[in-house]
Amino acid sequence: MYTNTFEAHRLLADAAGQGLGEAMAERLFRAYLTDGSNIGDPHTLARLADEIGVVRSEGGGTALRAELDRVRTLGISSVPLVLFEGGPALGGAQPEAVYFQALTTQPDPSLRG
């Protein structure tokens, strides 16, 4: 069964803007992977947002779609996705050495997004 996670991503973007991104990501993963909840269901997302204290916004869909399109143009189609400002975008499971290199390499100003 396919679950459309766009609204879950939008909720996560709202949470990140409120300083609650990590807590919301943790709750979404637990809801989906452990609890078996449908994170594409609006009522489920509303309940999860309330649990974490995230205030939902009405907008953000256009900006999120543009960011997702940008990530896809980089050829990334797996999770997790870690973006380094002015540096690489790492998709999927990566060895520790790859993260170390990304963290210790000076950012390229031309890559700012």
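Helices here are DSSP runs of at least four residues and strands are DSSP runs of at least two, both numbered from the N terminus. Read that way, the elements of the protein run α-α-α-α-β-β-α from the N terminus on, which gives five helices and two strands. The model is a predicted one.

Confidence comes before detail. The average pLDDT of the protein is 87, and 93% of the residues score at least 70. Among the elements, helix H3 has the highest confidence, with a mean of 97, while strand S1, residues 81-83, has the lowest, with a mean of 82. Where pLDDT is low, the predicted coordinates should not be read in detail.

As for overall dimensions, the C-alpha atoms fill a box of roughly 45 × 30 × 25 Å along the principal axes. The protein has 113 residues, and 26% of them count as buried. Of the contacts between residues at least 6 apart in sequence, 44% join residues at least 24 apart.

The helix packing can be followed from H1. Two packed helices are described by the angle between their axes and the distance between the axes. Helix H1 covers residues 6-17 and helix H2 covers residues 21-34; their axes come within 7 Å and cross at roughly 150°. That angle makes H1 roughly antiparallel to H2, because angles over 145 degrees are counted so. On the H1 side, the residues that meet H2 are Ala8, Leu11, Leu12, Ala15 and Ala16, and their partners in H2 are Gly21, Met24, Ala25 and Leu28. By class, this contact has eight nonpolar residues, one polar residue and no charged residues.

H1 also packs against helix H4, residues 61-73, at an angle of about 105° and with the axes 10 Å apart. H1 and H4 are therefore roughly perpendicular to each other, since the range for that term is 65 to 115 degrees. Phe6, His9 and Arg10 of H1 make the contact with Gly61, Leu64, Arg65 and Leu68 of H4. Here the classes are three nonpolar, two polar and two charged residues.

Which residues of helix H3 are buried? In this helix, residues 42-52, they are Thr44, Leu45, Leu48 and Ala49. An α-helix has 3.6 residues a turn, so residues three or four places apart point the same way. Seen down the axis of H3, the buried residues fall within an arc of 135°, so they line one face of the helix. H1 and H2 are included in what covers them. The face turned away from the buried side carries the exposed residues Pro42, His43 and Asp50. After H3 comes Gly53, with a positive phi near 90°.

Thr3 is in the segment before H1. Its relative accessibility is 14%, so Thr3 counts as buried, the cut-off being under 20%. Beyond its neighbours within four places in sequence, Thr3 is in contact with Tyr32, Asn38, Ile39 and Gly40.

Ser37 belongs to the loop between H2 and H3. At 15% relative accessibility, Ser37 is buried as well. Not counting residues up to four places away in sequence, Ser37 touches Ala31, Tyr32, Thr44 and Arg47.

Is Gly92 buried or exposed? With a relative accessible area of 8%, Gly92 is buried. Leaving aside neighbours within four places in sequence, the contacts of Gly92 are Ser78, Val79, Pro80 and Tyr99. For one of these, Val79, the C-alpha atom is separated from that of Gly92 by 4.8 Å, although the two residues are 13 apart along the chain.

Val98 lies in H5. With a relative accessible area of 26%, Val98 is partly exposed. The C-alpha atoms of Val98 and Phe6 are separated by 28 Å, and the two residues are 92 apart along the chain. Phe6 is one of the residues through which H1 contacts H4.

Notes: Residues are numbered from 1 along each chain as its sequence is written. This is a predicted model: local features need pLDDT of at least 70, side-chain atom pairs count only at pLDDT 80 or more; totals for chains, interfaces and linings use all residues. Side-chain values use heavy atoms; hydrogens and water are left out. Axes are lines fitted to C-alpha atoms, for helices over the stretch in contact, and angles run from 0 to 180 degrees between N-to-C directions. Angles under 35 degrees count as roughly parallel, over 145 as roughly antiparallel, 65 to 115 as roughly perpendicular and the rest as oblique. Contact means heavy atoms within 4.5 Å. Ala, Val, Leu, Ile, Met, Phe, Trp, Tyr, Cys and Pro count as nonpolar, Asp, Glu, Lys and Arg as charged, and the others, Gly among them, as polar. Buried means under 20% relative accessible area, exposed over 50%, partly exposed in between (1.4 Å probe, protein chains only). The arc is that of the directions from the helix axis to the C-beta atoms. pLDDT is the predictor's confidence in each residue, from 0 to 100.
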